[in-house]
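Here are a few notes to go with your first look at this one. Have the viewer open and follow along point by point.

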Amino acid sequence: MTVSFHGVRGSTPCHGREIMGYGGNTSCVSLDIPGADPIVFDLGTGLRYFGRAVRGGRPFRGTSLVSHLHWDHIQGLPFFTPLLSDGAHITMYAPRQADGTSVADIFADMIRPPLFPVDLMTLPGTVEFREVCNDEFEIDGGPAGPISVMSRTIPHIGRTLGYRVEWNGGSVAYLSDHQMPSDGSFAAEDGALELCRDVDLLIHDAQYTNDEFAVKRDWGHCTVDYAVWIAAEAEARQLALFHHDPTHDDDVLDGLVRGAAEVGAEQGVRVFGAREGSCVIV
């Protein structure tokens, strides 16, 4: 499996020379399995760049695993060029909402005038919505065979899912937005640990420094130190620090990643900072 990072920033897209090393697009990570249609974690502004890289020749078909419905994780959908072709199809798994509102209705309300120039349903391609919560299901990988997916609710603001994808003995976990205990302690819910346990690659929220968390302890995220802790606690083999704060420029991130890598190495976890355009083979 090839994991490609198209957007690694949290909260809002940003731009400038000072963030070019890691990138400024919001959450979008693709998973390529030979013989299978693409799988995409989240639909942030990085989705536009994934769309530019999609090979032509036939209408796009793929699966999206959406963690939650905050803007920075879905705002790339109407800018996904392959969806502008007849016959294109995306199967979107997204969290079942606690109040019973359908995910399809939420997207229909957001992608329409006056918030957007056209309705989602007028695009040539189609989006099929499937709502999940604490579930296990399979994606049809065609010649690659079935691809196993686990979804679990994790603490954030609003119903939020983490995902684990397994195929051919390899595994990737994606917990992009994860609220650590607000008192700053290190503990995790069983579902989060289940997603991360013995995983080959953990892509995890690492938005705040310890000082930032002290004033944003209930904003739905965690510290770099916590991300390293949960990776080590779950015995993950690799950790990609993800969902970088928009205020963190390349120099800040270099320092945070360097310190986290040193701590991770002591605990048997390879730690790196997710960068736009980078790939990892699992």
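1. Is Glu128 buried, exposed or partly exposed? With a relative accessible area of 29%, Glu128 is partly exposed. Keep in mind that this is a predicted model. The salt-bridge partner of Glu128 is Arg130, with the closest N and O atoms 2.9 Å apart. Arg130 is partly exposed as well, at a relative accessible area of 36%.

2. Now for the rest of the charged pairs. The count of salt bridges comes to eight, and three residues, Glu136, Arg152 and Glu194, are linked in a network of them. Glu136 and Arg152 bring their closest N and O atoms to 2.3 Å. That pair links distant parts of the chain, with Glu136 in strand E7 (residues 135-140) and Arg152 in strand E8 (residues 146-153), 16 residues apart. Arg152 also forms a salt bridge with Glu194, here with 3.0 Å between the closest N and O atoms. This second link reaches from strand E8 to helix H3 (residues 190-196), across 42 residues of chain.

3. Glu136 is exposed, with a relative accessible area of 53%, and Glu194 counts as partly exposed at 36%. Arg152 has a relative accessibility of 10%, so it counts as buried, the cut-off being under 20%.

4. Next, the sheet. Seven strands make an open sheet with mixed pairing, in the order E6-E5-E4-E3-E2-E1-E14. Strands E6 (126-132) and E14 (279-281) stand at the edges; each has a single partner strand, so one side of each lacks a neighbour in the sheet. On average, neighbouring strands are turned by 20 degrees against each other, direction ignored.

5. E5 (residues 89-95) and E6 run parallel and are joined by seven bridges; His89, for one, has Thr126 in E6 as its bridge partner. Lying across E5 and E6 is helix H2 (residues 103-110), at about 135 degrees to E6. Which residues of H2 are buried? They are Val103, Ile106 and Phe107. These cover an arc of only 95 degrees around the axis, which puts them on the same side of H2, and they pack against E5 and E6.

6. Last stop: Tyr208, in the loop between strand E11 (201-205) and helix H4 (210-215). Tyr208 is buried, with a relative accessible area of 2%. Leaving aside neighbours within four places in sequence, Tyr208 has contacts that include Phe213, Trp219, His221 and Asp245. Its C-alpha atom is 10.0 Å from that of Thr247, a residue 39 places away along the chain.

Definitions and conventions: Residues numbered from 1 in each chain as written. Predicted model: local features only at pLDDT ≥ 70, side-chain atom pairs only at ≥ 80, totals over all residues. Heavy atoms only, no water. Helix = DSSP H or I, 4+ residues; strand = E, 2+ residues; numbered from the N terminus. Buried < 20%, exposed > 50% of the residue type's maximum accessible area, 1.4 Å probe, protein only. Contact = heavy atoms within 4.5 Å. Pairing = 2+ DSSP bridges. Axes fitted to C-alpha atoms, helices over the stretch in contact; angles between N-to-C directions. Arc of directions from axis to C-beta. Salt bridge = Lys/Arg side-chain N within 4 Å of Asp/Glu carboxyl O.
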